[in-house]
Amino acid sequence: MRNLNFHHLHYFWTVAKEGHLTRASQRLNVSQSALSSQIRQLEEQLGHDLFHRQGRALLLTEVGHLVLEYAEGIFNLGHELLSVMENGEHQRLQLLRIGAVATLSRNFQENLLRPVIKLNNVKLALKSSNFDDLLEQLRVHKLDLILSNRPVASDSSTPWRCKLIAQQGVCLVGPNKAEFNALRFPEDLTKVKLLLPGPDSDIRRQFDLYCEQHGLSLTPYAEVDDMAMLRLLARDSGAVAVVPEVVVQDEIQAGLLKNYAALDCVTESFYAITAKRHVDLPILHTLLSTKME
C-alpha cells in the first residue's frame with residue numbers, strides 16, 4: 001500500500017496558492033530546483049501532471065485542481081488540530097477568537113458577546129480587520145468566528161457556515177433639541193445637515209433607493225464608512241445621521257440624541273461566519289443560540 005508524502009503535498013499546496021515557483025520557494029525557504037524536484041516526485045506518485053506553465057506562471061491542470069481540494073481539506077484539518085490544542089478546548093479554560101469587520105458597530109458586538117463576557121471559563125481574543133483578511137484567518141483556524149454585516153457563500157475548498165443572527169432597523173437620529181422636534185422627517189431632511197454611511201455600504205444603497213422612492217434629492221454633509229466615527233459625528237456635529245439605532249444606543253439613552261423616524265425597508269443585517277470543523281466549539285453554540293435583547 002502506497003503512503004502519501006505529505007511533505008511533497010505541502011510543497012504542491014504552497015505553489016498552487018502562490019501560482020509562481022519563485023514566490024513559493026521564497027515562502028518555503030527552499031531552492032526552486034528542490035521545490036520542482038519535490039513536486040515532480042508527487043506527480044510521479046499520483047501518475048498525473050499537476051501544473052502546466054503559462055509564461056512564468058504555473059497553472060493547475062484539471063487533476064491539479066482536484067488534488068488542491070484534497071490538500072486544502074488535509075491542511076485545514078491540521079490547522080484545526082493545532083487550534084484545538086492551543087485554545088484550550090480540551091481544558092477547562094476556553095479561548096474564543098472572534099474577528100469583526102472594521103466597520104461593524106462596537107455596540108452590536110458588545111451586545112452579542114455579553115453572555116460570554118460574564119463567563120469565568122472563557123477568554124476572549126477580539127480582532128478587527130477587513131473582510132478578506134478575516135476570512136483567510138478563519139480558513140486556517142486562527143479565528144473561531146467572524147462577525148460581519150455582509151454574508152459569504154461557500155465553495156468546495158472553503159465550506160463556510162454563514163448564519164443571519166440579527167437585523168437592525170435603520171433610523172434618522174439627531175440632536176435632542178426643540179428645533180428638531182418641529183421638523184417632519186423624512187420630508188425636512190433637506191433642511192438639516194445629513195450624515196450618511198459611505199457609498200459602498202449596503203445601508204447607503206438601501207437609503208438611496210428609499211430617497212428615490214420618496215422623491216428626495218439630498219446632499220450629505222459627510223459620508224462615513226466606520227460606524228464608530230459615524231457615532232461620534234452624530235453625537236457632536238449637530239447633524240441628522242442615517243444609522244442603526246444600536247450604534248447610538250448609549251447616546252439615545254442619555255438623552256443626547258433622539259430617534260426621529262424609522263426608515264421603512266432600510267435595515268442592517270448581521271452575520272456570524274464560521275468554518276466547518278470536525279470538533280465544534282460548545283461555547284460558539286452557546287453564543288450563537290442566545291437571543292439578543
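Two strands are said to pair if DSSP finds at least two bridges between them, and helices (H or I, at least four residues) and strands (E, at least two) are DSSP runs numbered from the N terminus. The model is predicted, so local features need pLDDT of at least 70 and side-chain atom pairs count only at pLDDT 80 or more, while totals for chains, interfaces and linings use all residues. Residues are numbered from 1 along each chain as its sequence is written, and side-chain values use heavy atoms, with hydrogens and water left out.

Eight strands form an open sheet with mixed pairing, in the order E4-E3-E5-E10-E6-E9-E7-E8. Its edge strands, each pairing on one side only, are E4 and E8. Strand E3 runs parallel to E4 and is joined to E4 by eight bridges; within this pair, Arg 97 has Ala 125 of E4 as its bridge partner.

| Element | Residues |
|---|---|
| Strand E3 | residues 94-101 |
| Strand E4 | residues 122-129 |
| Strand E8 | residues 222-224 |
| Helix H5 | residues 106-117 |

Helix H5 lies across E3, E4, E5, E6 and E10, and runs at about 165° to E4, where axes are lines fitted to C-alpha atoms, for helices over the stretch in contact, and angles run from 0 to 180 degrees between N-to-C directions; contact means heavy atoms within 4.5 Å.

Elsewhere, Leu 66 is found in helix H4, and this residue counts as partly exposed because its relative accessibility is 47%, the class between buried (under 20% relative accessible area) and exposed (over 50%), with a 1.4 Å probe and protein chains only.
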